[in-house]
Structures are given as structure tokens and as C-alpha cells.
Amino acid sequence: MSREEEIKKGLFDHTLVGEADEVVELTQEGIDLGMDPLDILFGALIPSLQEVGRLFEIGEYFVPEMLVAARAMQGAMALLRPLLVDKGAEPIGKVVMLTVKGDVHDIGKNLCNIMLEGEGFDIVDLGVNVKPEEVVAAVQEHQPQLLGFSAFLTTTMPFFKSNLAALSEAGLRDSVKVMVGGAPVTPEYADSVGADGFAPDASAAVRLAKKLMVDMGYDVSMGGDDSEGASALTTAVQAVEELMVKSGKHDE
Amino acid sequence: MNTVISSAKQTVVIGPEHPFVIIGERINPTGRKILTKQMIDRNMSMVCRDARRQVDAHAHVLDVNAGVPVDGVEPEILRQAIQAVQETVDVPISIDSSVVAALEEGLSVYEGKALVNSVTYEDERLETVLPLVKKYGAAVVGVANDDTGISNDPHERLRIATRIVERAADHGIPAEDVVIDPLALTVSADDNAALVTLETIRLIRENLGVNMTCGASNISFGLPWRSTVNAAFLSMAIAAGLTSAITNPLEAEIRHTIYAADLLMGHDAYAGNLIQAFRSERKRQQTSN
């Protein structure tokens, strides 16, 4: 077996059991050896995550095992992303992203960031537990076209409304389009609080972001990135997302 | 220190020298599709069924939450759910919402001294929830986190709990009517989570002496043997000083472990409660066979 093949097998095996340090190390070694980042993703990491998902599906794997596998994958993606995204193009728009006040869940938001960045958006990530006044300050400072709110709890999603009210009060509501998402959020809820759109996952967030840009009269066709790298990134994000959706499933 | 809550017909005492109080968690639409749909349709049949079943399984208090993902309807649904539970069973109710208007609506129809679930250490929460608790003469669950989120430091959680008790006193609510939630997070995401909770419970017992309750089912999220993990946690938490929990009495393992822990803590003379519970379960099994 060549070293490249050993690396791929190692990446598959270590991701399967969530050994993040080993996965990051092997990914770096592969990159240094000049391996194709697409081969690292499609030949090892994504199949491994799919196997994790399958094992969870049949009741063999449990949530902690999914989380450590996803974490290992994210470590590798941090190294691969710069190689896959074309940094040369002009950003097609600016998005401020955040998890609302009282909420510290950020996996979903971070996946949206990766996908939006891959599609050519410039991302300003405010992190988690972001207060309405901080949202207002960030819109003033960064003047984005789009604003994304994430909430993972029914107890924190009312902050969508608080954020929107704070924006209106500051006279900024009409300067941005607002997208919302998160596990308990529904299109009806998004509508009822006065958001401009709802996305159930990261791919949908990209489609929504582009649609909102077009609604505002921007041309999103020139920027963006339809390269193989961007679509590989999409597949990788979807693999992680699928695991997260499965791990978050409640039992009735 | 004893916390006394009541319905029109029953009084429940939460306290370190009393049997552990089980607050039934099932009436909550989070993650329950059918219950969510029924609640949105103002259909309370599953609410009543869950109330009856949990009381049959020896819940002392029932938590009632109506947090459906529709904006603005929670107050009305919570009121209807509380009325339905009051008509179905005799136990006191823990009125559970993060929406102040819903808490008020629930309190306005409640007959007795309710447990309000909950308030966090955040100014706008404290200044809206505590006056309500005072107005209706209720007790309140104070959650040991503030607007910076949940700390992983037990000493910080104790500090926040202490401030909640002080703020309640400012509003004329005595310490015995504040039940602190030391916060139990899932060990799926952090294997240190239970240890932080247990240490917080010890610190609060030694330094504040107030009663405590917590959502004990979070701890096992995403794991196999969930009931066993919950039961093991509860038994450790009871030894550390937890005096009540919001949990699922329909799980035999949890229910039985709580009886056993009460006995081991010296709260069940001659194992009277444990033996009586055993007999009533055996009888129910025999009649259903």
C-alpha cells in the first residue's frame, strides 16, 4: 500500500472513531505530500462520515460518537477549505451571522458560514449568545446586505423578534434582509416574527441568500464559485449536517 | 428549609428531610409531534392522558409547558392545559414557560400555590417574573445562569444562585420559595457535565441551604441505557443534596431508583413508601395480566 493509500485508510478509520488529532495530522501530511484535496474528501472523509451515519441509523452508534466524528471532520475541513475555495473572486455580498442571545449552539450556523463562504459571500461571524444591541452595532459597523439569526431552542427563538425590533428602533430594518434558521424554527414561525426568509439547512441558506440578493437588485451570477472545490465543500458540509440532524432527532 | 406548594386539594413539601419530589416532565411539546399538533389545535386529550399516567406513576407535581413553535399563542394554550390538568388530577402544578405573559395567564387560573418554572439571573427576567411570583404568592425555580450563558464553574453557578435568592428577597419572596436549578447538561457533549452539576448541588446545599430541582433527563441525551444513566445521576444528585427533579416517572427504573435513594437517605422509615409503591405496582400488573 502506498503512503497515500495508507493516509486515506487512516483518515477513514480515525474519523469513524472520532480521533480528531490523528485526522488533522494525516490531513496535513496528505496536503504536504501533494495529495488532491478532493481525493482526501471523497476518498476518505465523506465515506467515513456516511458510515458513521449508517451505524447511527441502525442503532449501532450513539450521539457522542457522531459528535466526535463530526468534530474530527471539521478539523480536517479547516485545512482543506483554503485549498478548495477560490479566494480570487470579488465577494458577491456580505452576511453577518450569529446565534441569538441565550443560545450557544453553533454547529448549524458554522456549516452555513462554510457554505456561504464557498459560494462567494463575505462572512462576518458574531459567534454565539449575541445580544440585540450587538446585532445593531454589527449592522452599523459592517453594513451587510444580509443578516442570519440561528436559534436551537424554543426558549431562545423569540430573540429573532427582539433582534428585529432592535433593528427597527435603530432605523436599520430596511437596510438588510434577515434570514433565520435552527432546529425548532419553522417557515410559519419565521414569517410570524417578520423575517425575510427561512432556511432548514446550509444548502437552503445559500439558495435563500442568493434569492434575497436578487430581490434587492444585486447580480449574483458573476461572483460565486461553481468549481469542483466548491461543490466538494457542499458535499462535505451536507455529510456533517446529515449527522447533526440525525443526532438531534428526538424520540417521541 | 422547606418549600411548600399546593393545588386546591393537595400540599407537597420539598425539603432535605422529606422524600424526594418527582415533578413529571411529560406535558411538554418539545420534540413531541403529536402533542405539539394537539396543543396547537387546542385539543387537550393527550395532556389529560399524560397527567393521569404520571400521577398513577407517583409523580408528586406535574410540570406543564405549552411552548409550541407558533408565535403568540403560548399564553392561551398554557392556560387551557393548566385548566385541563387541574380538572384531571389533584397534584400541584409547575407552570413552565419562558414567556412572561404565559406565566401570568397560567397563574391567573391556577388554584393553589404554584411553582413557577423559571427565572434566570437576567435583569429583565427578574424584574418581570419575580413581581408575578409575589403577586400570586407562588414559589419559583431560579436557574443558575445569567445573560452570559451557562458557566462550567460550580462556584460561578453558586454565585448566580445566591444573587437570585437575594433578588427574590428584594421582591418580598422568602428563600424557602426559591428552588434553584443547578443545571444538568448532557454528558453526550461533555463528559464533565454531571460532575459540574453535582459539585454545584453540594455548594448550594452547604452555602445557601435552599431547595433544588433540575431537568434530569437532559443528562442522558443521545445515549443507550438512558433510564439507567438518568437513574444513576439522580441517585448521585440526591446524595449530593438535590431535593426534587423534573423527570419521567413513567420510566420504572427512574421511579424505583428514587424510592431506593429515599430509603438510603433515611427519608423512608421502615421502607414504608418503597414497599407500598412495590405493592401498588404489583397489583396493577396482576390486574392488567
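A residue is counted as buried if 20 or more other C-beta atoms lie within 10 Å of its own. By this criterion, helix 4 (100-109) of chain B has the buried residues Ala102(B), Leu103(B), Glu104(B), Glu105(B), Gly106(B) and Leu107(B). The model is a predicted one. In it, the buried residues of helix 4 of chain B pack against helix 3 (74-88), strand 5, strand 6 and helix 5 of chain B.

The loop that joins helix 4 of chain B to strand 6 (115-121) of chain B contains Glu111(B). Glu111(B) has 14 other C-beta atoms within 10 Å and is therefore classed as partly exposed, since a residue in this class falls between the limit of 20 or more for buried and that of 12 or fewer for exposed. When neighbours within four places in sequence are left aside, the contacts of Glu111(B) are Ser7(B), Ala8(B) and Gln86(B).

Chain B contains an open sheet of eight strands, paired in parallel and arranged in the order 9-8-7-6-5-4-3-10. The edges are formed by strand 9 (211-212) and strand 10 (244-247) of chain B; each has a single partner strand, so one side of each lacks a neighbour in the sheet. Strand 9 of chain B pairs in the parallel sense with strand 8 (residues 178-181) of chain B over two bridges, and Ile180(B) stands opposite Met212(B). Helix 5 (residues 123-135) of chain B packs on the sheet, where it touches strand 6 and strand 7 (139-146) of chain B, and its direction makes about 155 degrees with that of strand 6 of chain B. Helix 2 (residues 45-56) of chain B lies across strand 3 (21-27) and strand 4 (61-65) of chain B and runs at about 155 degrees to strand 3 of chain B.

Within this sheet, strand 4 and strand 5 of chain B run parallel and are joined by four bridges; Val64(B) has Ile95(B) as its bridge partner in strand 5 of chain B. The residues of strand 5 (residues 93-96) of chain B point to two sides, Ile93(B) and Ile95(B) one way and Ser94(B) and Asp96(B) the other, and all are buried. Strand 6 and strand 7 of chain B are likewise parallel, with six bridges between them, and Asn117(B) is bridged to Val141(B) in strand 7 of chain B. Of the eight residues of strand 7 of chain B, seven are buried, so this strand is largely enclosed by the rest of the structure.

In chain A, helix 2 (residues 20-32) has 13 residues and reaches 18 Å from its first C-alpha to its last, close to the 18 Å expected at 1.5 Å a residue. Its buried residues are Val23(A), Leu26(A), Thr27(A) and Gly30(A). Viewed down the axis of helix 2 of chain A, these buried residues fall within an arc of 105 degrees, so they line one face of the helix. An α-helix has 3.6 residues a turn, so residues three or four places apart point the same way. The cover over the buried residues of helix 2 of chain A includes helix 1 (3-16), helix 3 (37-57) and helix 4 (63-84) of chain A. On the face turned away from the buried side, helix 2 of chain A carries the exposed residues Asp21(A) and Asp32(A).

Five bridges connect strand 3 (residues 146-150) and strand 4 (residues 177-181) of chain A in the parallel sense, with Gly148(A) opposite Met179(A).

Between the chains, 16 residues of chain B are in contact with 17 residues of chain A. The side of chain B that touches chain A comprises six nonpolar, seven polar and three charged residues.

Key
Residues numbered from 1 in each chain as written. Chains lettered and ligands numbered in written order. Predicted model: local features only at pLDDT ≥ 70, side-chain atom pairs only at ≥ 80, totals over all residues. Expected span 1.5 Å × (residues − 1). Arc of directions from axis to C-beta. Contact = placed C-beta atoms within 7 Å. Pairing = 2+ DSSP bridges. Nonpolar A, V, L, I, M, F, W, Y, C, P; charged D, E, K, R; others polar. Axes fitted to C-alpha atoms, helices over the stretch in contact; angles between N-to-C directions.
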